[in-house]
Amino acid sequence: MRCHRLALGLGFCLLVGTGLCALWVCVQNWLPFSYVPYYLPCPEIFNMKLQYKGEKPFQPVAQSQYPQPKLLEQSPTELLTLTPWLAPIVSEGTFNPELLQHIYQPLNLTIGLTVFAVGKYTRFVQHFLESAEQFFMRGYRVCYYIFTDDPKAIPWVPLGPGRLLSIIQQHSRWEEVSMRRMETISQHIAKRAHREVDYLFYVDVDMVFRNPWGPETLGDLVAAIHPGYYAVPRQQFPYERRHVSTAFVADSEGDFYYGGAVFGGQVARVYEFTRGCHMAILADKANGIMAAWQEESHLNRRFISHKPSKVLSPEYLWDDRKPQPPTLKLIRFSTLDKDTNWLRS
């Protein structure tokens, strides 16, 4: 009798265990794998990175020596279209805008555009916004984020459907804001932008859009080639050359010299990038060092080890004081001629 009860008990336990296992398998198959971005702020659970099956964490590129890619390598009148690490170099004629619209429009994306308008730089906001409304990501939802020390100085500009403007007050001086953009952008993403946009770009406010800037610029991590150094050897790039700085770049390193006036990408990758630059800047500051070109030096150092997935040609970052070369069929975004000394006085 006792053996019979024991057998019944074991059988019941086995049946219950099998049922629970089957239920757990069903629940696993039914629930989607979740990804909690680790760029969110506290609580601590938001600092955990839970990966999809098969996803591998991003690894920076190991230091190695290789020939410098040259933007004019093929011909003096034709731009290079692909980097050695297989990232496209975007310029007029390398993409079909209509096809890209058909691909990206159904994704219902929101693109963020961040600028800093501090001190006398508020005078550029109206022209900047008007040109952005005409040319930047037409047909997409756009969130403009304007960081300023004087919200009342930001003019009202009519915006199209699905396009919003947020004015975020900064209480620091111009010099402090200009040297803490990486910190500000990373904190803004963590606190707010990760909930509002899919892609985020930073651009300088003292510039204007002159031709369409569309989804051809979207990518994981996007850099723009500086208009002043696209045709010179890397030994002449204005990198930080002091070994004591975390922004140090050796003469044998470097691909292109990237401008600090334009960068962007998927919001999570922009967070990683700006936070990494900010950490390097803090390390220099702790040692009493300021890199040669401040944040732009750290941006270039990081792009060497964290290669951009898409590179924008100088037509996306031009200087109007220079004559347009035959290699650039179109100028999409360019600086304004201005009195820099007056602006910073």
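Helices (H or I, at least four residues) and strands (E, at least two) are DSSP runs, numbered from the N terminus. By this definition, the secondary structure of the chain comes to 8 helices and 11 strands. The structure is a predicted model, in which local features need pLDDT of at least 70 and side-chain atom pairs count only at pLDDT 80 or more, while totals for chains, interfaces and linings use all residues. Residues are numbered from 1 along each chain as its sequence is written, and side-chain values use heavy atoms, with hydrogens and water left out.

Of the 345 residues of the chain, 47% count as buried (under 20% relative accessible area, 1.4 Å probe, protein chains only).

An open sheet of mixed pairing is formed by 3 strands in the order S6-S11-S10; two strands pair if DSSP finds at least two bridges between them. Strands S6 (207-209) and S10 (318-319) stand at the edges with a single partner strand each, so one side of each is left without a neighbour in the sheet. S10 pairs with S11 (residues 333-335) in the parallel sense over 2 bridges, and Asp319 has Thr335 in S11 as its bridge partner.

Helix H7 (residues 294-305) contains Glu296. This residue is buried yet has no salt bridge (a side-chain nitrogen of Lys or Arg within 4 Å of a carboxyl oxygen of Asp or Glu). The nearest side chain of opposite charge, Arg181, is 7.2 Å away from Glu296; Lys and Arg count as positive and Asp and Glu as negative, whereas His and the chain ends are not counted. The side chain of Glu296 reaches the backbone nitrogen of Gly260 at 2.7 Å.

Definitions and conventions: Buried means under 20% relative accessible area, exposed over 50%, partly exposed in between (1.4 Å probe, protein chains only). A polar contact is a pair of N or O atoms within 3.5 Å; within protein, one must be able to donate a hydrogen and the other to accept it, and residues adjacent in sequence count only if both atoms are side-chain atoms.
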